[in-house]
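Here is a short briefing on one protein model.

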Amino acid sequence: MMAAPTASCVFCQIATGSSTTTLLHSDDKVVAFRDIRPSAFRHYLVIPVQHIPTVNDLQRKTDDYTLVTHMLEVGRMLLLRDAPNSNQHRFGFHQPPLNSVNHLHLHCLALPYTPRWRFIKYMPLGPIGFIEAERFLEKIKP
């Protein structure tokens with residue numbers, strides 16, 4: 001279920017420029033910013049401007065596949081720019097009920113994890129754990 005930005009969604013406020021959050025990237029489809037509780041050396045979030053609650057709201061449709069591909073491209077570009085010496089990156093989504101905000105967001109992490117124990121939050125736990133972006137793209141490929 002996709003919808004217009006909502007006033008009650010903190011990520012919608014960021015996407016529409018209604019907050020003081022510094023944007024690292026902005027275009028007509030997505031915005032990117034630093035995670036307020038970073039779990040790695042660099043930890044960014046890439047979100048769609050359009051309100052999409054979770055990964056469960058995406059389907060095997062060209063539009064959804066293109067959006068997630070674009071989110072991943074933006075995340076990769078930002079980490080290559082801001083953490084060029086990091087040789088390990090992770091990109092993915094928390095699946096419900098383990099997502100913290102009901103607005104689709106791609107975690108972009110340049111490792112190492114900080115603190116080290118935070119890796120636990122980014123472990124695949126089947127249908128409710130963290131899903132790598134590439135794996136998710138395979139799942140929704142039209």
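The largest cavity has a volume of about 50 Å³. A cavity is a set of points on a 1 Å grid over the protein atoms alone where a 1.4 Å probe fits but cannot get out. Grid points are joined across faces, edges and corners, and the volume is the space filled by probe spheres set on the points.

This is a predicted model: local features need pLDDT of at least 70, side-chain atom pairs count only at pLDDT 80 or more, and totals for chains, interfaces and linings use all residues. Residues are numbered from 1 along each chain as its sequence is written, and side-chain values use heavy atoms, with hydrogens and water left out.

**Cavity**

- The whole structure holds one cavity of 30 Å³ or more.
- Its lining includes Pro53, Thr54, Val55, Phe93 and His94. Asn99, Val101, His103, Leu104 and His105 are also in the lining. A lining residue has an atom within 4 Å of a point.
- By class, the lining of the largest cavity has five nonpolar, five polar and no charged residues. Here Ala, Val, Leu, Ile, Met, Phe, Trp, Tyr, Cys and Pro count as nonpolar, Asp, Glu, Lys and Arg as charged, and the others, Gly among them, as polar.

**Pockets**

- A pocket is an open set of points with protein on both sides within 12 Å along at least five of seven lines.
- The largest pocket has about 540 Å³ of space. Its lining has 27 residues. Asp35, Arg37, Leu45, Ser100 and His107 lie nearest the centre.
- H1, S2 and strand S3 (40-48) each give two or more residues to that lining. H1 gives the most, with three. Helices (H or I, at least four residues) and strands (E, at least two) are DSSP runs, numbered from the N terminus.
- The lining of the largest pocket has 14 nonpolar, eight polar and five charged residues.
- The second largest pocket has about 230 Å³ of space. Eleven residues line it, and Lys29, Pro48, Gln50, Asp63 and Leu67 lie nearest its centre.
- Helix H2 (residues 62-82) gives the most to the lining of the second largest pocket, with five residues. By class, this lining has four nonpolar, three polar and four charged residues.

**Strands**

- Strand S1 (residues 23-26) and S2 are antiparallel and share three bridges. Two strands pair if DSSP finds at least two bridges between them.
- S1 and S2 form a hairpin with three residues between them. Leu23 has Phe33 in S2 as its bridge partner. Ser26 stands opposite Val31 in S2.
- S2 and S3 also run antiparallel, joined by five bridges. Val31 stands opposite Ile47 in S3.
- Four of the five residues of S2 are buried. Buried means under 20% relative accessible area, exposed over 50%, and partly exposed in between (1.4 Å probe, protein chains only).

**Aromatic rings and charges**

- The structure has four aromatic pairs. Rings of Phe, Tyr and Trp (its six-membered ring) pair if their centres lie within 6.5 Å; planes under 30 degrees apart count as stacked, over 60 as edge-to-face and the rest as tilted.
- Phe11 and Phe33 form an edge-to-face pair, 5.5 Å centre to centre with 70° between the planes. Phe11 lies in helix H1 (residues 10-15) and Phe33 in strand S2 (residues 30-34), so the pair ties together parts that are 22 residues apart in sequence. Phe11 and Phe33 are both buried.
- Tyr113, Tyr122 and Phe130 form one aromatic cluster.
- The charged end of Arg42 sits over the ring of Phe41, 4.3 Å from the ring centre. The charged end of Arg76 sits over the ring of Phe91, 5.8 Å from the ring centre. A charge sits over a ring if NZ of Lys or CZ of Arg is within 6 Å of the ring centre and within 35 degrees of the ring normal.

**Two single residues**

- Leu67 lies in helix H2. Leu67 is buried, at 12% relative accessible area. Leu67 and His89 are 22 residues apart in sequence and 20 Å apart in space, C-alpha to C-alpha.
- Lys121 is in the loop between strand S5 (106-113) and strand S6 (130-132). Lys121 counts as partly exposed, at 39% relative accessibility.
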